[in-house]
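Student: I'd like to learn how to read ring contacts and strand pairing. Can you walk me through some cases?

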Amino acid sequence: MSNTKFPKILITGATGQVGGKTIEFLLSNKEIEIVAAVRSKEKAIPFANKGIATVILDFDDDTTHLPALEGIDRLFMVTAYTVDMLRQSKVLLDNAKKAGIKHIVHLGACGPDDATVGHWVWHQLVERYVEWGGFSFTHLRPQDFMQNLLSYGSEKATNKGVLNAYVDNARLSWVDVDDVAQVAALALSHPELHSGKTYRLSYDAKTFKEIAELMTSIVGKPFRYEPLSPDIFLQKMKDAGADMAYMNCVYDHWKQHANGTIPGASDTFDNFFEITGKEPTRWADFIKKHKEELVY
């Protein structure tokens, strides 16, 4: 029997889109051990059914941190989008250092180093704290997720062929969640290749009008884009009792997009093939892949 000790990788956000997809990519690697971080025994059940180890980790309960991090070599850090992420990340990273974790892959947000959008800046502050902690690191900065055009939050994003957004006619850059997860899995599996790297992940720039036209041609049903005022979004969030520290940032960045005042909002990058050896997903590919979900 082999006594080889494989690196142990802890995935936070394991029940979310990116974390779950990252685990799927990692499962093909037989030279690592995967551990999914969950907040309750109930949430551990689906992972246990697949033979995936779990630990209880609650970002807001630091007594769970060190037990969850024991024996972990590499950490995929995925936090929720609230201002609490600053405190949560700082405390988790402090405990990760105590636990002897070597490599951190952090799921951040859009933008160049001089970004001014509030919630993008929060993530860049976390990046700096990762570096200050002396960890080996890989920073991921995905742009807008293509999956947001399937659903956003708990709502379906298209209603009988109508796309709504709060950015007027702005051209945004987009990335498939699957592509983000693939890069995350590679950075976790091979830190020697990806350490010290910041990967901006966006591969197709389109306006919502252009996306609607593509959907029409591929799905075979009519789609159209109807822009909404960012003020509608703000009131909707207030009515829902959302965390306004974050939602005010989102409101502000919708306004900036609509006014065309976010530099580089439509930037795309050519790093995906170099990282993965594959071509990234572009809008036509994504629509074909999710055609059944878009039919109405």
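This is a predicted model: local features need pLDDT of at least 70, side-chain atom pairs count only at pLDDT 80 or more; totals for chains, interfaces and linings use all residues.

Student: How many aromatic pairs does the structure hold?

Tutor: There are 12 aromatic pairs. To read one, look at the angle between the ring planes: over 60 degrees counts as edge-to-face. Take Trp174 and Phe208: their planes stand at 85° with the centres 5.5 Å apart, so this pair is edge-to-face. Trp174 is in strand 12 and Phe208 in helix 8, 34 residues apart, so the pair links distant parts of the chain.

Student: Are Trp174 and Phe208 buried or exposed?

Tutor: Both are buried. Now try Phe233 and Trp254: the ring centres are 6.2 Å apart and the planes are at 85°, so you'd call that pair edge-to-face. Phe233 belongs to helix 9 and Trp254 to helix 10, so the pair ties together parts 21 residues apart in sequence. Phe233 and Trp254 are both buried too.

Student: Which residues do ring pairs link into a cluster?

Tutor: Trp174, Phe208, Tyr225, Trp283 and Phe286.

Student: And in which sense do strand 11 and strand 15 pair?

Tutor: Strand 11 and strand 15 run in the parallel sense, over 4 bridges; Asn164 stands opposite Glu226 there. Strand 10 and strand 11, on the other hand, pair in the antiparallel sense over 2 bridges, with Thr158 opposite Leu163. Their hairpin has 2 residues between the strands, and Lys160 takes a positive phi near 50° in it.

Technical notes
Residues are numbered from 1 along each chain as its sequence is written. Side-chain values use heavy atoms; hydrogens and water are left out. Rings of Phe, Tyr and Trp (its six-membered ring) pair if their centres lie within 6.5 Å; planes under 30 degrees apart count as stacked, over 60 as edge-to-face and the rest as tilted. Buried means under 20% relative accessible area, exposed over 50%, partly exposed in between (1.4 Å probe, protein chains only). Two strands pair if DSSP finds at least two bridges between them.
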